[in-house]
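These notebook entries record what I looked up, entry by entry.

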Amino acid sequence: QQTITINIGSSHPESNIWAYAMKNAFQPTVDRLLEEGGDEYRINWVESYGGTLYRFTETRTAVRDGIVDIGMVGTVWEGSAMPLQNVTYFTPFATGDHEMLIEIFDHLTEELPELRDSWADQNMLHLSSLITDSYDIYSNFPINSLADINNRRINAPGTSANWLQGTGTTPLDGALTTYYTDIQTGVSEGALSFATGIQPTRVYEVAPHLTQVGVGAMYFGGIAANLDSFGSWPEAVQNAVREAGRATSRAHGDYVTERAGVAMSEMEQAGLQVSELPEADKQAWVDGLPNIIEPWLEDGGDAAVTVLKAYFDALRERGVQPLRDWDEGL
Amino acid sequence: MTSLTIGLLLILGLVVVVLLGMHIAVALLATGFVGIWILRDNIDLAFRLLGMASYNGIADYLFATIPLFVLMGILVSISNVGRDTFEVAEALLRKLLGGLGVATVAANAVFAAVTGVSIASAAVFTRVAVPEMGRHGYRLPFAAGIVAGSSVLGMLIPPSLLLIIYGVLAEVSIGAMFLAGIIPGLLLCFGFVALIMLLARFRPSFVYTDVEAARTRQAEAHNDKTLTWGEILRKLVPIVALVTLILGGLYSGFFTPTEAGGVGAFGALLIALMRRQLDRARMWQVLYQTGLVSVAILVLLIAAGYYSRMLSIAGIPNAIAMLVQDSGLGPYGFLLIYVVIVLLMGMILDSTSILLIMVPISAPIAQSLGFDLIHFGIVTVIAVEIGLLTPPFGISVFTVHTALADPQTKVEQIFLGTLPFVLVMALSLLLIAAFPILSTALI
Amino acid sequence: MNATTEQDKHRGTMGKTLHWVAAALSMIGTIWIALLMFVIVADVMGRNFFNSPITGVAEVAARSVVAIAFLQVSAAVLNGRMTRSDMLLRVFSHFSPRVTAFLELLFALVGAVVFLAVAYAVWPDTVRAFNTNEYFGVRGVFTVPTLPFRAIIIVGAVFAALAYLAVAVEHLRQIGRPQS
Ligand code: NA
Ligand code: NA
């Protein structure tokens with residue numbers, strides 16, 4: 001029996017939705033597959049979860065440079081180096097089904113050379129897709145119509161600032177960790193975020209109105225292996241790692257579903273008022289957005305067009321009717 | 001040799017070269033580099049992590065507050081706001097035993113409400129209070145110790161950079177952390193006051209160079225012309241304005257804790273301009289000093305970040321987690337081990353690195369053992385702050401030493417002068433750990 | 001004798017140039033701190049009074065701190081402002097100033113090597129940033145090229161290394177000087 005050392009890690013603690021499946025699904029699955037496959041190899045896992053080795057701004061470089069052999073890569077923070085993966089953030093109001101998103105992106109990353117190569121260009125092999133549950137508005141005032149968010153200040157950092165264009169809402173910077181204080185003191189009046197992020201940070205205490213607006217779930221990044229490390233492993237280990245990646249995708253989807261469910265019921269018990277924005281208002285919102293995908297398409301060129309079309313085809317194949325055809329006329 | 005052994009040897013190596021006088025940032029970077037190279041048997045990796053630590057290590061809006069708080073401190077110092085605060089405290093407290101020392105603590109406590117980093121307080125009051133205490137017969141090392149000791153109030157009384165960082169790491173509300181810091185901050189403040197008065201009474205030789213002369217001055221103070229109420233009021237207006245601006249702005253949602261540094265520096269700039277203390281040459285001097293003080297801290301933070309990545313590769317955080325988890329001592333046994341580890345780390349690492357290493361590991365354990373994360377955070381921050389005052393790496397003491405620029409007063413003498421304050425902090429830490437209500441009462 | 005004087009003079013100009021560059025870099029960093037303050041105040045005012053915050057302040061401020069640090073570091077080295085604990089060194093200096101000077105020389109050389117290593121470590125990503133027009137921010141919201149921020153690290157680190165070398169040369173002279 002041969003022991004192989006694999007450095008695995010993430011910028012987030014293992015309790016986090018994106019790191020959870022690495023520790024609780026990926027590692028045990030690799031171990032089990034190797035044991036079942038003749039017990040020829042054993043993995044010595046060297047774990048660096050929780051950001052002690054690298055920060056969230058470094059997830060791509062950490063795996064690319066082999067600081068870990070396998071790690072969580074948040075492509076959402078890598079708009080410059082890996083723009084293609086951010087297609088969902090530029091096409092909001094598509095789907096709230098995060099499990100479907102995992103399935104679509106596992107598939108597309110395998111099938112589309114554009115996506116696969118963009119991982120390989122970064123010296124990485126994509127093993128498993130990571131997502132967020134659906135983005136909605138948590139606010140300290142009730143929202144019954146689109147007009148209600150006019151002239152309000154909402155935390156919407158990074159790409160999500162785009163989604164508020166044309167609504168008359170001022171998007172404010174921030175992060176999951178600042179929303180509570182920002183809303184409590186009045187710096188902002190709400191946040192555009194997802195249940196599994198809001199519940200642990202208790203933002204619902206100061207923003208007791210959840211309005212489901214239909215922005216949808218987002219592809220967040222992937223679990224990836226450093227290509228040099230991967231190439232140095234025996235075939236049996238390589239196969240186990242790939243296979244475990246697929247299992248991890250499923251486990252991640254299940255876990256987010258479970259956590260989002262628990263989060264919702266806990267928040268509702270604590271007094272969260274849940275309502276849904278009327279369909280007509282959702283439609284008015286998305287129709288009123290400027291063509292926010294344009295700068296992304298310019299940046300990504302033909303590859304971006306291919307990825308966008310493939311993504312929207314995949315959605316429609318699965319019976320989803322996105323509120324806006326962001327791929328129209330391409 | 002296991003990774004853990006190598007890691008421990010590298011900690012020892014760091015302590016040795018730092019004691020021998022190598023620049024601390026250089027020592028952290030060098031041992032970090034050698035460590036990663038040996039541990040992963042790959043020099044390339046040492047370079048790559050070095051590149052990451054340099055480019056990203058302090059690339060955070062939170063760290064942008066450091067030069068701004070320093071700028072505010074220096075502006076407040078040259079526009080004599082610090083001195084005025086101190087003079088008012090002195091006028092009101094001079095009749096007390098050890099009145100000047102008590103005044104320093106009081107002025108520090110007020111000043112803490114506008115600054116978010118301890119070194120800002122340390123820099124300001126070294127210039128303002130230490131020479132004054134020296135003139136009145138205080139031993140300079142003890143006077144410097146008072147300033148270094150009470151500078152920690154800056155990090156406990158809101159706004160506070162350390163409370164912000166803890167809040168971010170433990171995912172608890174920063175506003176709540178700020179409120180939680182107030183009572184412990186005041187408790188420490190009164191502890192320091194009691195300490196100074198007791199020492200002046202029972203161990204005057206520790207406080208004064210010439211005990212008799214000091215006593216005579218103390219007696220004469222009664223006859224001295226003191227400030228009129230009008231003068232006191234006039235001297236207090238700027239600091240009250242600054243405190244109002246910052247606390248008012250924070251709690252009315254006008255700006256965030258992170259933005260407080262920028263707004264505060266701007267407020268201090270306005271005060272300096274209004275007091276006509278700022279011509280072009282002095283403005284340059286202020287900015288130049290801001291740069292030099294900030295860079296020393298920022299480079300240390302980059303280097304400490306790199307070093308802690310090496311410790312992570314050596315498996316030190318995991319080992320600590322295991323140690324803490326397997327201790328099987330129940331909540332307070334866990335807390336004891338935890339605090340001891342933080343105190344030990346405080347000897348060699350900077351505050352931010354300790355929080356980065358310890359909080360993600362220990363906060364979940366603490367929560368599972370039934371601790372309130374806000375209470376746990378205050379305990380953590382006080383333990384971390386003790387590290388600001390302990391050798392060989394005690395940045396508040398270094399700051400006082402640098403700002404004092406007196407060749408007769410050595411770093412180690414200031415460390416000694418600070419020791420009583422460390423003991424008071426340890427005592428307060430015990431109290432706050434035992435009575436969670438002290439930190440949670442205001443929330 | 002003549003040759004030594006020549007060398008000293010030469011070193012003098014080199015030293016002067018180094019001091020001048022370090023001061024210039026530190027001045028830029030210093031102005032940057034002031035600008036940061038004004039931008040934050042403008043952002044706060046814009047948000048509260050005009051419902052129009054300045055986009056990207058947090059990200060730009062984050063990158064700025066790094067630039068500010070590296071712009072100042074060579075001046076800090078030359079001015080002896082890098083944090084250290086020199087108590088043992090002072091004890092040594094009573095017994096043997098030469099040993100002290102030798103340790104100082106050694107430490108300054110380590111400083112030079114370490115900062116050269118930083119420059120070398122940051123180099124590959126800087127080249128990559130140049131080749132790929134790397135930016136931070138979000139397409140369609142705001143984007144800022146990373147190249148200047150990476151380049152400042154290299155410039156700052158190289159001058160920090162030169163500053164350490166200058167310090168090393170000073171200590172070398174002390175070792176050469178006859179003990180009195
Ligand atoms: Na404070
Ligand atoms: Na210390």
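I first wrote down the rule for a salt bridge: a side-chain nitrogen of Lys or Arg lies within 4 Å of a carboxyl oxygen of Asp or Glu. By this rule the side chains of A:Arg55 and B:Asp60 form a salt bridge, at 3.8 Å from N to O.

I noted that the model is predicted, that local features need pLDDT of at least 70 and side-chain atom pairs pLDDT 80 or more, while totals for chains, interfaces and linings use all residues. Residues are numbered from 1 along each chain as its sequence is written, chains are lettered from A and ligands numbered from 1 in the order in which they are written, and side-chain values use heavy atoms, with hydrogens and water left out.

**Entry: chains A and B**

I counted contacts (heavy atoms within 4.5 Å). I found 25 residues of chain A in contact with 28 residues of chain B. Next I looked up the buried area, the accessible area (1.4 Å probe) that two parts lose on being put together, summed over both. For chain A and chain B the value is about 2,200 Å², with 51% of it on carbon and sulfur atoms. The count of salt bridges between these two chains is two.

**Entry: chains B and C**

Here 58 residues of chain B touch 56 residues of chain C. The two chains bury about 5,100 Å² between them, and carbon and sulfur atoms give 75% of that area. On the chain B side, B:His23, B:Tyr55 and B:Phe254 lose the most area to chain C, together 15% of what that side buries. I found one salt bridge across this interface. The side chains of B:Glu259 and C:Arg47 meet in a salt bridge at 3.0 Å, N to O.

**Entry: two helices of chain B**

I took helices as DSSP runs (H or I, at least four residues), numbered from the N terminus. Their axes are lines fitted to C-alpha atoms over the stretch in contact, and angles run from 0 to 180 degrees between N-to-C directions. How do the axes of α6(B) and α8(B) cross? Helix α6 (residues 99-112) and helix α8 (residues 140-151) of chain B have axes that come within 9 Å and cross at roughly 25°. Angles under 35 degrees count as roughly parallel, and α6(B) and α8(B) are therefore roughly parallel to each other. Among the residues making the contact are B:Gly101 and B:Thr104 of α6(B), and B:Ile146 and B:Val147 of α8(B).

Note on methods
Parallel < 35°, antiparallel > 145°, perpendicular 65-115°, else oblique.
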